[in-house]
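Q: Hi! Could you walk me through this model, with the cut-offs as we go?

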Amino acid sequence: MPIYEYEPCSGECRVCKSGFTLTRPLSAPPVVNCPLCRQPVRKLISAVSSPKITKPLSVSAAKNAGFKIFKKVGSGEYERQ
Ligand SMILES: [Zn+2]
């Protein structure tokens, strides 16, 4: 799945203040607003084939930001953490 990287916006939001990345399926629509503060966000060029390593948000930070995190527990099964 491609990784989408988003530019920081001017707010004090802990998600978009310093930018963030999301991994989304190609079929998903692009994120146009921060999932937390709903401010418009700008997508950077997709880092699909870039060797650049982007530090992911920690699980707890993502949860705090309202992301729903699923852990794969078996074939086709996911458990909400
Ligand atoms: Zn935000």
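Q: Before that, what kind of model is it, and how are residues numbered?
A: This is a predicted model, where local features need pLDDT of at least 70 and side-chain atom pairs count only at pLDDT 80 or more, while totals for chains, interfaces and linings use all residues. Residues are numbered from 1 along each chain as its sequence is written.

Q: Thanks! What secondary structure does the chain have?
A: The chain has 1 helix and 4 strands. Helices (H or I, at least four residues) and strands (E, at least two) are DSSP runs, numbered from the N terminus.

Q: And in what pattern along the sequence?
A: Along the sequence the pattern reads β-β-α-β-β.

Q: How do β1 and β2 pair?
A: Strand β1, residues 3-6, pairs with β2 in the antiparallel sense over 4 bridges. For two strands to count as paired, DSSP has to find at least two bridges between them.

Q: Which residue is the bridge partner of Tyr6 in β2?
A: That partner is Phe20.

Q: Nice. Which face of β2 is covered?
A: In β2, residues 20-23, the covered face holds Phe20 and Leu22, and the uncovered face holds Thr21 and Thr23.

Q: Switching topic: how much of the chain is buried?
A: Buried residues come to 9% of the 81 residues in the chain. A residue is buried if 20 or more other C-beta atoms lie within 10 Å of its own, exposed if 12 or fewer, and partly exposed in between, with C-beta atoms placed from the backbone.

Q: Which residues make up the largest nonpolar core?
A: The largest nonpolar core has 7 residues: Tyr4, Val15, Cys16, Phe20, Leu22, Cys34 and Val41. Such a core is a set of buried Ala, Val, Leu, Ile, Met, Phe, Trp, Tyr and Cys residues joined through C-beta atoms within 7 Å. As a general point, nonpolar side chains tend to be buried together in soluble globular proteins.

Q: Let's pick Cys34 from that set. Where is Cys34?
A: Cys34 is in the loop between β2 and α1.

Q: Why is Cys34 classed as buried?
A: Cys34 counts as buried because 20 other C-beta atoms lie within 10 Å.

Q: What does Cys34 touch?
A: Not counting residues up to four places away in sequence, Cys34 touches Cys9, Cys13, Val15, Cys16, Gln39 and Val41. Contact here means that the C-beta atoms of two residues, placed from the backbone, lie within 7 Å.

Q: How about Val15?
A: Leaving aside neighbours within four places in sequence, Val15 is in contact with Phe20, Cys34, Pro35, Leu36, Cys37 and Ala65.

Q: What can you say about Arg38?
A: Arg38 lies in the loop between β2 and α1, with α1 spanning 59-64. The phi of Arg38 is near 70°, a positive value in a residue other than glycine. For context, most residues other than glycine have a negative phi.

Q: Is Arg38 buried or exposed?
A: Arg38 is exposed, because 12 other C-beta atoms lie within 10 Å.

Q: And Pro25?
A: Pro25 is also found in the loop between β2 and α1. Pro25 is exposed, with 7 other C-beta atoms within 10 Å.

Q: Last one: what surrounds Lys17?
A: Lys17 sits in the loop between β1 and β2. With 16 C-beta neighbours inside 10 Å, Lys17 is partly exposed. Beyond four places in sequence, Lys17 is in contact with Pro8, Gly11 and Glu12.
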